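Colleague: I have a few questions about how the labels on this model were assigned. Can we go through them one by one?

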Amino acid sequence: MSYLLILALTLSYYLLLSLLCFLVYFYDKQAAIQRRSRVPEKKLLLLSLIGGWPGALLAHKFLRHKSVKRSFLRWFFLMLVLHWLFVLALLAACVFFLTVH
């Protein structure tokens, strides 16, 4: 598989997951305003962990949703760190694999 294809797939993954995450935040914000059933915080954090964190950051900024609650933000940034540690570990494994073979 070419490197450009891998890059395109990776960027598409982040873009789609970020859009989904932003939309889920939007839905949750509207549910909060209308006093309807909310999206559990664990689901919001899981979306961030699996790659939707750019959309979550945009939702924090532009929707002002979940941007003040400190306990949520602590978990959110922990998920962000865990996500990037996983990505860096994958990159290190790829570099190692390419240099060995």
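Modeller: Start with the largest pocket, which holds about 480 Å³ of space. Its lining has 16 residues, and T10, V87, L90, L91 and C94 are the closest to its centre. Bear in mind that this is a predicted model.

Colleague: Which elements give two or more residues to the lining of the largest pocket?

Modeller: They are α1 (3-33), α2 (41-63) and α3 (70-100). The largest share comes from α3, with nine residues.

Colleague: How do the residues of that lining divide into nonpolar, polar and charged?

Modeller: The lining of the largest pocket has 14 nonpolar residues, two polar and no charged. Asp, Glu, Lys and Arg are the types that count as charged.

Colleague: What makes up the secondary structure of the chain?

Modeller: The chain has three helices and zero strands. From the N terminus on, the order is α-α-α.

Colleague: What share of the chain counts as buried, and how much area does the chain expose?

Modeller: Of the 101 residues, 30% count as buried. The chain exposes about 7,500 Å², with carbon and sulfur atoms supplying 76% of that area.

Colleague: And which share of the contacts between residues at least 6 apart in sequence joins residues at least 24 apart?

Modeller: That share is 64% in this chain.

Colleague: What does D28 touch, leaving out residues up to four places away in sequence?

Modeller: D28 touches R38, V39, L44, H65 and K66.

Colleague: What makes F86 buried or exposed?

Modeller: Exposed needs over 50%. F86 has 53% relative accessibility, so F86 counts as exposed. F86 is found in helix α3.

Colleague: How far apart are the C-alpha atoms of F86 and I50?

Modeller: They are separated by 10.0 Å, and the two residues are 36 residues apart along the chain.

Colleague: What stands out about the phi of R35?

Modeller: R35 is not a glycine, yet its phi is positive, at about 55°. R35 is found in the loop between α1 and α2.

Colleague: How do you know whether R35 is buried or exposed?

Modeller: Use the cut-off again: exposed means over 50%. R35 has a relative accessible area of 78%, so R35 is exposed.

Colleague: Where is R64, and what is its phi?

Modeller: R64 lies in the loop between α2 and α3. Its phi is positive, about 55°, although R64 is not a glycine.

Terms used
Residues numbered from 1 in each chain as written. Predicted model: local features only at pLDDT ≥ 70, side-chain atom pairs only at ≥ 80, totals over all residues. Heavy atoms only, no water. 1 Å grid on protein atoms, 1.4 Å probe; cavity = no way out; pocket = protein on both sides within 12 Å on 5 of 7 lines; lining within 4 Å. Points joined across faces, edges and corners; volume = space filled by probe spheres on them. Helix = DSSP H or I, 4+ residues; strand = E, 2+ residues; numbered from the N terminus. Contact = heavy atoms within 4.5 Å. Buried < 20%, exposed > 50% of the residue type's maximum accessible area, 1.4 Å probe, protein only. Areas by Shrake-Rupley, 256 points an atom, 1.4 Å probe, with all protein chains shown as cover.
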